Amino acid sequence: MEKEAINLEEIYQKYRSVISFRVKKSIGASTPEWEDVVNEIITNVVEKIRKGEFREESSIGTFIYTITSRRIIDYIRQKSKVLKHVPEPTPYPHPHEYIENKEKAEIMAKAIKKLTPKYREVLYLYYYKDLSREEVAQKLGIPPRRVSERVNYSQKLLKKLIKI
Amino acid sequence: MRKCKFEDLIDDYLLNRLAGENKEKFEEHYFNCHYCFEKTMERDELISVIKSKGDIIFKDEYVAEEAKGETWLEKITSFLTPKQWAMVTVSACLFFIILLGVIPNLKTSSPQFFINEDLVRGGSITLISPVFETQTVPSQFEWKKLGEDLEYKIYIYDNGDVLWKKTTKENFIVLPEEIKKLLTSGEKYSWQVKAFSPEGFLVSVSSRVQFKINRPE
């Protein structure tokens with residue numbers, strides 16, 4: 001019994017952020033119910049494991065992914081039905097999350113500004129201008145592989161700059 | 001160095017360039033791969049900041065440049081990749097080689113146009129005499145003059161065959177005695193005049209007029 005509890009705690013710690021990320025990506029981070037949906041999924045996962053419905057036919061990750069995907073589909077269907085009768089609520093971010101995210105974004109923006117033009121340019125074209133890897137490569141006269149390398153290296157530099 | 005084969009899909013996923021089964025596979029993957037999930041989170045944060053604050057972040061160097069717009073040369077060169085431009089250049093060269101080298105050799109001689117004299121129906125040369133019937137063998141054939149410097153060719157036919165023909169610049173011709181002898185009383189003949197320009201071009205043809213030499217009573 002104790003073993004099961006530890007496992008569930010681990011699962012909760014490990015997968016909460018993954019489930020949250022997937023839910024926010026699917027229904028939008030500004031949707032007020034996203035946290036409720038995440039909590040429902042976690043409760044559902046725990047219940048199913050306790051009932052022995054996870055038979056290790058697949059990995060635990062895939063098992064949780066399947067439950068998450070089904071709940072997201074249900075939510076979207078439910079939302080679509082509701083929207084037929086009532087106007088969609090205005091999306092709003094959680095005030096704490098908004099402030100936290102805003103501060104993080106400011107720090108990140110400052111860090112990007114500190115990058116050398118070589119790396120800023122690739123971030124600008126690839127993410128801000130939304131060009132494909134090949135288009136960026138063509139504009140900069142470098143192989144497409146080099147674009148990915150520069151983006152990855154930019155990320156490493158940003159990590160260092162933010163830590164400082 | 002790449003640690004996971006799915007790592008390359010992170011950007012495509014976050015930039016909504018993955019769809020259907022590929023998207024689902026990647027999502028399932030980051031539920032199982034902590035490394036990819038961490039990378040995805042980090043990259044998502046970076047992209048979100050760039051998307052929301054890009055106009056401020058890149059203001060100094062790029063937004064001003066963007067406002068100027070691409071030059072026409074940049075627009076043209078960015079329209080195709082260098083490889084595609086190379087292909088276009090090679091194709092254009094081949095096209096001109098074919099156009100300038102091969103086609104002239106295949107060219108046949110210039111088209112020649114001929115005027116079939118019999119098909120010209122000017123009809124503006126009016127024949128004056130003889131017409132219909134004559135009491136004696138005509139000694140002179142006369143027609144209305146069309147203009148200066150024209151050359152007339154007179155044809156006398158016996159049953160469709162040319163009996164005699166002669167060229168003159170006058171609007172009449174005197175029949176030689178030896179030809180007069182060929183024309184017999186009671187027979188029908190016809191005649192026609194064609195007019196030619198000084199350059200030798202047919203300009204008009206009269207209608208073929210029949211005449212009969214009556215038998216002496």
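The contact between the two chains takes 25 residues from chain A and 27 residues from chain B, two residues being in contact if their C-beta atoms, placed from the backbone, lie within 7 Å. The model is predicted: local features need pLDDT of at least 70, side-chain atom pairs count only at pLDDT 80 or more, and totals for chains, interfaces and linings use all residues. Residues are numbered from 1 along each chain as its sequence is written, and chains are lettered from A and ligands numbered from 1 in the order in which they are written. On the side of chain A that touches chain B, α5(A) gives the most, with six residues; helices (H or I, at least four residues) and strands (E, at least two) are DSSP runs numbered from the N terminus.

Helix α2 of chain A (residues 34-50) has 17 residues and reaches 24 Å from its first C-alpha to its last. Its buried residues (20 or more other C-beta atoms within 10 Å of their own, placed from the backbone) are Trp34(A), Val37(A), Val38(A), Ile41(A), Ile42(A) and Val45(A). They lie on the same side of α2(A) because they cover an arc of only 135 degrees around the axis, taken from the directions from the helix axis to the C-beta atoms. Exposed residues (12 or fewer such atoms) on the other side are Asp36(A), Thr43(A), Glu47(A) and Arg50(A).

In chain B, strands β4 (residues 151-158) and β7 (residues 188-196) pair in the antiparallel sense over seven bridges, pairing requiring at least two DSSP bridges between strands. Ile156(B) has Trp191(B) of β7(B) as its bridge partner. Strand β9 (residues 209-213) also runs antiparallel to β7(B), joined by four bridges.

Conventions:
The expected span of a helix is 1.5 Å times one less than its number of residues.
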